[in-house]
Amino acid sequence: MRVILAPMEGVADAPMRALLTSVGGYDLVVSEFIRVVDQLLPEKVFFRLCAELKYQCHTPTGTPVRLQLLGQHPNWMAENALRAIELGSHGVDINYGCPAPMVNRSNGGAALLKEPETIYQVTKAVREAVPQNKPVSAKIRLGWDDKSRCIEIAQAIESAGATELTVHARTKEEAYRPPAHWQYISKIKQHTKLPIIANGEVWSREDYLKCQQASGCDDVMLGRGALTVPNLAHVVRGQQQAMSWPEVKALLVHYSDFEIVSEKQKYYPARIKQWLRFISRHYPEAEQLFLQVRVLKDTDQILSLLQES
């Protein structure tokens with residue numbers, strides 16, 4: 001099996017990717033998306049959103065990173081995909097699943113689930129631009145507001161020459177509401193030969209086994225669950241139990257060390273509160289800590305609370 005860290009825009013940035021892969025268990029990381037509109041983007045945009053490009057596109061502990069692009073114009077997507085490869089990305093992933101309204105209003109992300117032909121044209125253009133020895137993958141949801149075209153969408157991606165496909169087992173309209181409909185991934189597998197990666201509602205080893213049985217997929221992409229249980233990659237493999245709260249708290253302090261020296265330092269208070277909200281799903285102690293820091297804006301005060309035993 002492979003365990004892949006999901007792209008999570010505004011959440012899983014380079015410091016978070018570095019931290020989670022330092023815990024271990026991941027075979028691959030997919031970056032936050034780079035939005036492509038009507039131009040070949042300058043190199044600085046790629047380095048800003050995928051800082052790992054400076055280090056042969058690996059996280060500090062050696063996990064390869066695949067850069068993700070989001071856009072609807074085949075030619076511009078192709079040009080930017082080639083640039084990503086030239087800068088060192090380990091392949092290119094195409095985002096057809098982002099549910100953010102701002103992205104969807106401009107016909108990006110999950111909005112393209114209503115247009116399988118556009119998905120085909122974009123994927124084909126990217127595949128033709130990227131050297132054949134580099135993977136071109138895609139990430140989709142089951143549809144916009146119904147699941148009736150999920151097989152058609154997957155087949156369009158396969159016909160365009162993609163290497164593999166990640167399926168988030170919900171529609172755009174279902175957002176992140178449980179359940180994830182893993183059985184639809186199995187239906188897609190029955191109608192394509194693409195390697196499929198299952199995604200959605202995997203929070204534990206038990207969830208992974210249920211997902212594996214329902215979807216027929218060994219490979220899994222972890223998103224919000226990876227933020228909730230930081231060693232979830234090892235947990236789903238059956239190698240470890242969930243980290244203890246003291247271990248998680250030490251990780252929060254380590255994450256703070258990453259964030260307060262990064263270019264996003266001013267966002268640190270909001271980011272640590274955001275992560276505490278995720279972690280509190282599994283660790284009740286995180287809820288108590290969140291209640292203590294939620295009104296704080298000073299980095300030193302927040303760090304002091306995190307470092308208390």
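**Salt bridges: a few notes**

1. Let's start with E128, which is exposed at 58% relative accessibility. Keep in mind that this is a predicted model. The E128 side chain forms a salt bridge with K124, with 2.7 Å from N to O. K124 is partly exposed, at 29% relative accessibility. Both residues sit in helix α5 (residues 116-129), and because they are four residues apart there, about one helical turn separates them.

2. Next, have a look at K147 and E174, whose side chains form a salt bridge at 2.8 Å, N to O. K147 belongs to the loop between β5 (136-141) and α6 (150-159), while E174 belongs to the loop between β6 (164-168) and α7 (182-191), so this pair ties together parts 27 residues apart in sequence. K147 comes out as buried, with a relative accessible area of 17%. E174 is buried too, with 18%. Both get that label because the cut-off for buried is under 20%.

3. Then there's R2, which makes a salt bridge with D219 through their side chains (3.2 Å, N to O). This one links distant parts of the chain: R2 is in the segment before β1 (3-5), D219 is in the loop between α8 (205-215) and β8 (220-222), and the two are 217 residues apart. R2 is partly exposed, with a relative accessible area of 26%, whereas D219 is buried at 17%.

4. As for the overall tally, the model has 14 salt bridges. Among them are the E128 and K124 pair and the K147 and E174 pair.

Notes
Residues are numbered from 1 along each chain as its sequence is written. This is a predicted model: local features need pLDDT of at least 70, side-chain atom pairs count only at pLDDT 80 or more; totals for chains, interfaces and linings use all residues. Side-chain values use heavy atoms; hydrogens and water are left out. A salt bridge is a side-chain nitrogen of Lys or Arg within 4 Å of a carboxyl oxygen of Asp or Glu. Buried means under 20% relative accessible area, exposed over 50%, partly exposed in between (1.4 Å probe, protein chains only).
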